[in-house]
Amino acid sequence: MEYFDIVDENGLPTGKTVSREEAHQKGIPHRTSHVWIIRPSDTGYDILLQKRSEEKDSFPGMFDTSSAGHIPAGDEPLPSAIRELEEELGIKAEPEDLRFAGTFRIQYEKEFHGRIFRDNEFANVYIYNGAIGELKLQESEVSEVRWFDLNEVWDEIQTSRERFCVPKPSLAVLREYLKEQAI
């Protein structure tokens with residue numbers, strides 16, 4: 001069973017833990033790490049999105065952040081991001097391969113598989129700058145990956161959530177990071 005650190009209103013661990021199941025049943029605040037894999041394109045940037053497995057407890061079969069996951073109790077955001085990259089995509093990253101881009105908060109309540117799922121996360125966002133190589137997908141989590149134009153995804157998620165479950169605030173952090181890097 002997975003356990004997470006319960007966090008306060010600033011996203012800081014309180015010293016208490018909660019099971020994954022209880023966190024999502026009750027909407028208890030916890031932390032995640034999100035990693036964006038990007039590449040330059042003729043129109044700006046492409047982003048690598050993973051299609052979530054149909055068995056996922058939230059947003060099954062939808063395209064999501066390149067790599068993301070919960071931070072286990074007692075762990076920190078960067079090591080968690082590195083671990084998720086390897087588990088989900090087979091990318092063996094080093095700390096220097098990731099650039100911190102910012103944080104965001106996400107809260108929602110939605111029904112999946114006939115059950116209410118309550119999410120209350122403080123997410124740490126990183127940009128991956130290392131080599132990609134051949135990807136090895138974690139089939140229980142990821143059914144495929146595909147490159148998408150960043151601006152097209154941003155435009156589509158403003159009005160439709162049929163294909164993408166990418167959190168708007170996460171993509172906003174990425175866009176702001178890229179804008180600042182262009183200066």
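Mentor: Start with pairing: two strands pair if DSSP finds at least two bridges between them. This is a predicted model. Here S3 and S4 run antiparallel and are joined by four bridges. Pro 40 has Tyr 45 in S4 as its bridge partner.

Trainee: How many residues lie between S3 and S4 in the hairpin?

Mentor: Two residues lie between them.

Trainee: Which other strands pair with S4?

Mentor: S9 pairs with S4 in the antiparallel sense over seven bridges, with Gln 50 opposite Val 145. S5 (residues 63-64) is also antiparallel to S4, through two bridges; there Lys 51 stands opposite Phe 63.

Trainee: What span should helix H2 have, and what does the model give?

Mentor: Count 1.5 Å a residue: the 13 residues of H2 (residues 77-89) should span 18 Å, and the end C-alpha atoms are 18 Å apart, which agrees. Just after H2, Gly 90 takes a positive phi of about 75°.

Trainee: Which residues of H2 are buried, and what do they pack against?

Mentor: The buried residues include Ala 81, Ile 82, Leu 85 and Leu 89, along with Glu 84 and Glu 88. The strands that the buried residues of H2 pack against include S3, S4 and S9.

Trainee: Is Asn 120 buried or exposed?

Mentor: Buried means under 20% relative accessible area. Asn 120 has 7%, so it is buried. Asn 120 sits in strand S8. For a polar side chain, look next at its polar contacts. The side chain of Asn 120 makes one of 2.8 Å with that of Arg 105, and a polar atom of the Asn 120 side chain lies 3.0 Å from the backbone oxygen of Gly 27.

Methods: Residues numbered from 1 in each chain as written. Predicted model: local features only at pLDDT ≥ 70, side-chain atom pairs only at ≥ 80, totals over all residues. Heavy atoms only, no water. Expected span 1.5 Å × (residues − 1). Buried < 20%, exposed > 50% of the residue type's maximum accessible area, 1.4 Å probe, protein only. Contact = heavy atoms within 4.5 Å. Polar contact = N/O pair within 3.5 Å; in protein donor to acceptor, adjacent residues only side chain to side chain.
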